[in-house]
Amino acid sequence: MIGAKRLSSFLGLDARHYPVAGRRDKVVTTLSGSEGGLWLAKKQARWLQSQGIPALALGYFRTLHTGTALSLVPLEIIERAIHFLQAQGYARIGILGFSKGAELALVAAAHYPALSCVVAKTPSWFVGEGISKKAPAGISSWSCHSQPLPYTPVCAPSMLCIVSYRQKSIISCRSTPANVLFQHQSCR
């Protein structure tokens with residue numbers, strides 16, 4: 001096993017490569033969730049490396065070379081990672097993401113046929129609205145060629161329901177504006 005290698009900033013990526021000596025048949029790109037940064041992606045990449053699978057921990061926001069908001073994150077970050085891994089001689093490229101990173105992994109796989117495998121841990125089943133300063137951004141989380149992808153707003157429902165988790169029943173519902181739903185965190 002070889003240690004992690006930080007990629008040069010000229011690639012425009014915030015990533016760590018976790019190679020395995022003699023393995024070029026496959027590699028997995030790992031993505032953190034809505035917390036951003038590289039911590040969770042690196043943790044998963046190290047685990048994959050310990051199992052004999054090369055990995056690339058990739059940051060897509062809240063890193064040195066990316067934005068601080070989880071909105072309009074360019075899919076081209078994934079494309080650049082694919083090109084880097086292909087240049088390293090990897091035959092098959094997989095992608096693994098957590099939560100918002102799982103959403104990105106699924107969207108990227110739909111755009112880039114070079115991704116041969118997707119592992120989506122707790123993904124959403126739609127493209128979600130972006131988040132900026134812990135509030136809805138009013139625009140997509142993702143972009144492609146500088147164009148926002150269609151998305152579902154965070155607080156689309158117009159009903160606030162109080163649910164009893166112990167009894168698994170709805171206690172009460174009332175109409176409320178979407179901004180109130182988000183303030184009360186009932187649409188997360």
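Which strand gives the largest share of the lining of the second largest pocket? That share, four residues, comes from E6.

## Basis of the model

The model is predicted, so that local features need pLDDT of at least 70 and side-chain atom pairs count only at pLDDT 80 or more, while totals for chains, interfaces and linings use all residues. Residues are numbered from 1 along each chain as its sequence is written, and side-chain values use heavy atoms, with hydrogens and water left out.

Helices (H or I, at least four residues) and strands (E, at least two) are DSSP runs numbered from the N terminus.

## The second largest pocket

The second largest pocket has a volume of about 180 Å³. A pocket is defined on a 1 Å grid over the protein atoms alone, as an open set of points where a 1.4 Å probe fits, with protein on both sides within 12 Å along at least five of seven lines, and its lining residues have an atom within 4 Å of a point. Grid points are joined across faces, edges and corners, and the volume is the space filled by probe spheres set on the points.

The lining includes Lys26, Val27 and Val28, together with Arg92, Ile93, Gly94 and Leu96, and also Ser116, Cys117 and Val119. Strand E3 (26-31), strand E6 (92-98) and strand E7 (115-121) are the elements that give two or more residues to this lining. By class, the lining has seven nonpolar, two polar and two charged residues, where Ala, Val, Leu, Ile, Met, Phe, Trp, Tyr, Cys and Pro count as nonpolar, Asp, Glu, Lys and Arg as charged, and the others, Gly among them, as polar.

## Cysteines and buried positions

Cys117, one of the pocket-lining residues, counts as partly exposed because its relative accessibility is 41%, whereas Cys144 is buried, with a relative accessible area of 12%. Here buried means under 20% relative accessible area, exposed over 50%, and partly exposed in between, with a 1.4 Å probe and protein chains only. The structure holds zero disulfides, a disulfide being a pair of cysteine sulfur atoms within 2.5 Å.

Val107, in helix H3 (residues 100-111), is buried at 10% relative accessibility; Val107 and Leu75 are 32 residues apart in sequence and 8.3 Å apart in space, C-alpha to C-alpha.

## Helix H2

Helix H2 (residues 76-87) has 12 residues and reaches 16 Å from its first C-alpha to its last, close to the 16 Å expected at 1.5 Å a residue, where the expected span is 1.5 Å times one less than the number of residues. The buried residues of H2 are Glu76, Ile77, Ile78, Ala81, Ile82, Phe84 and Leu85. After the helix comes Gly89, whose phi is positive, near 95°.

## Strand pairing

An open sheet of three strands has the order E5-E10-E11, with mixed pairing, and its edge strands, E5 (73-74) and E11 (147-148), each pair on one side only. Two strands pair if DSSP finds at least two bridges between them. E5 and E10 (residues 142-144) run parallel and are joined by two bridges, with Trp142 as the bridge partner of Val73.

Strands E8 (residues 129-132) and E9 (residues 135-140) pair in the antiparallel sense over three bridges, and Ser132 has Ala135 as its bridge partner in E9. Their hairpin has two residues between the strands, and in this hairpin Lys133 takes a positive phi near 55°.
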